[in-house]
Amino acid sequence: MKQSGKAEDPRHQSPEFESETPLPSYMAGPYAPIDDEIDSTELEVAGALPAELDGRYFRNGPNPLPGEISPHWFVGDGMLHGVRLRTGRAQWYRNRWVRTLKFDGGSPLREDGSLNRAYSTANTSIIRHGGRLFALVEGSFPIEVTPALDTVGACDFAGGLTTAMTAHPKQDPITGELHFFDYDTRPPFVTYHRLSAAGELVFSTPVDVPRPTMMHDFAITDNHVIWLDLPVTLQFSGKGLPFEWSDDYGARIGVMSKNGGPVRWFEVEPCYVFHVGNACEDGSATSAARTVTSTRSAAKPSSSMTSIATNPLCTSSVRAGTRAKRCSSPRPTRAARTRAG
C-alpha cells in the first residue's frame, strides 16, 4: 500500500484537536470524526475481490471539522469516502470533505434576506444520475462532485429547482427518471419533482399537507408516489434539531400519480417512518409499502436511524492502514455504487 499525505487544504493542516470538554458519544470511539484527508493506492486485499466488481464504491456521512463539537450526530460537514475496484484489485482509497458554501464560511442568506439553498452540509447520501454525482442532504440543493470526490458546486438544474432536494430520491428502474421532493417551512410545505434520465428537471408540483412536516423519505411504484405525512413536524425552539412530535397532527399515507394530481390519503396509527424499504403495486389498484418504522420521538433517535451499506456476498476486506480502518467505522452513512467512467 502506498499512501500520500493530507490533501492540500490550509484549513486542515492544524494539529489534531484536543479539548477538555467531554465529547458526546457520537463523536467518540468508533464514531470519532476523521481529522484529515488522505489518498492511498494499491490497497492490500484480504481474501479475494470478484473481478466483476469494476467501479467506484462511495459513502457519505457527517464529519465535523477539527475543533467543532457537533450538537447532534446528524450534524457536521459531509465527508465522502471512495474505493476504486478493478480486476480484483482495490486501486485506491481517498476521502474528501464536501466543500460547500457552508464549509467555506459563507452565509445561509442571500443579499435580499432569502434562504440560499446552496448553503449545505451535503452529509447524508451520494447518488449518480444523468452521468453526474451528487452529495445530498435534505434542506439544500444537491452538491455535484467528481468521480475523484472533488467538489464542483451546488446544482439547481439550469435554474429549474427553487426548493431543496431530499437526500433519498428514487430512480425508476424502467424509465431511468429520478423522483424526489422537498419539505419546507413555508407553503407549499411539500413539493414533488422529477428529473429525466438525462438529468433535466421536467416536472414539479406541490403536495397539499396541513403544515410543515419532516418528510424524510418516500417511495415510488410503477405508476404512483407514496407519501408519508406523519406527526414529526418542524418546530423551531432554538434547541437542537427543529423537529418535534405533534400529537394533534395525525398520521396518514398518501398515494399520488407520478404525473401529479390529487392525493388519496389513508389514515394510519400515529408513528414515524424514517426509511422505506420498497413499494409495489399488487395489480388491484392498491399499493403496499414495506417500511422500517420508529415510533420514538425525533429527539430520541434509535439505532434504526442508522443505515450501513453491506453486501452479504462479499467475503473479502480491504486494508489501507490505520487511517483507512478508522474511516470504515460505523458512522451514520448512506452509500452509492457507481460504474467506472
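The legends below accompany several close-up views of this predicted model.

Before you start: local features need pLDDT of at least 70 and side-chain atom pairs count only at pLDDT 80 or more, while totals for chains, interfaces and linings use all residues. Residues are numbered from 1 along each chain as its sequence is written, and side-chain values use heavy atoms, with hydrogens and water left out.

**View 1. The side chain of N60 reaches two backbone oxygens.**
Start with N60, which sits in strand β3 (residues 55-62). Strands here are DSSP runs of E with at least two residues, and they are numbered from the N terminus. N60 counts as buried because its relative accessibility is 0%; buried means under 20% relative accessible area, exposed over 50%, and partly exposed in between, with a 1.4 Å probe and protein chains only. A polar atom of the N60 side chain lies 3.0 Å from the backbone oxygen of A122. The backbone oxygen of S125 is 2.9 Å from a polar atom of the N60 side chain.

**View 2. Strand β12 is covered on both faces.**
Strand β12 spans residues 190-195, and six of its six residues are buried, so the strand is largely enclosed by the rest of the structure. On one side you will find V190, Y192 and R194, and on the other T191, H193 and L195, all of them buried.

**View 3. β12 pairs with β11 and with β13.**
Pairing here requires that DSSP finds at least two bridges between two strands. Strand β11 (residues 178-183) runs antiparallel to β12, with six bridges between them, and F181 stands opposite Y192 of β12. Look for L195 here, whose bridge partner in β13 is L201. The hairpin of β12 and β13 has five residues between the strands, and G199 in this hairpin takes a positive phi near 95 degrees.

**View 4. D39 and R94 form a buried salt bridge.**
A salt bridge is a side-chain nitrogen of Lys or Arg within 4 Å of a carboxyl oxygen of Asp or Glu, and the structure holds 14 of them. In the one between D39 and R94, the closest N and O atoms are 2.9 Å apart. D39 belongs to strand β2 (residues 39-46) and R94 to strand β5 (residues 89-97), so this pair ties together parts that are 55 residues apart in sequence. Both D39 and R94 are buried.

**View 5. E42 and R89 form another link between β2 and β5.**
The side chains of E42 and R89 meet in a salt bridge at 3.0 Å, N to O. E42 lies in strand β2 and R89 in strand β5, and the pair links distant parts of the chain, 47 residues apart. E42 counts as partly exposed because its relative accessibility is 38%. R89 is partly exposed too, with a relative accessible area of 35%.

**View 6. R86 meets D54 in a salt bridge.**
Here the N to O distance is 4.0 Å. R86 lies in strand β4 (residues 78-86) and D54 in the loop between β2 and β3, so the pair ties together parts that are 32 residues apart in sequence. R86 is partly exposed at 33% relative accessibility, and D54 is partly exposed at 41%. Finally, salt bridges that share partners join D39, R94 and R96 into one network.

How values were computed:
Helices (H or I, at least four residues) and strands (E, at least two) are DSSP runs, numbered from the N terminus. A polar contact is a pair of N or O atoms within 3.5 Å; within protein, one must be able to donate a hydrogen and the other to accept it, and residues adjacent in sequence count only if both atoms are side-chain atoms.
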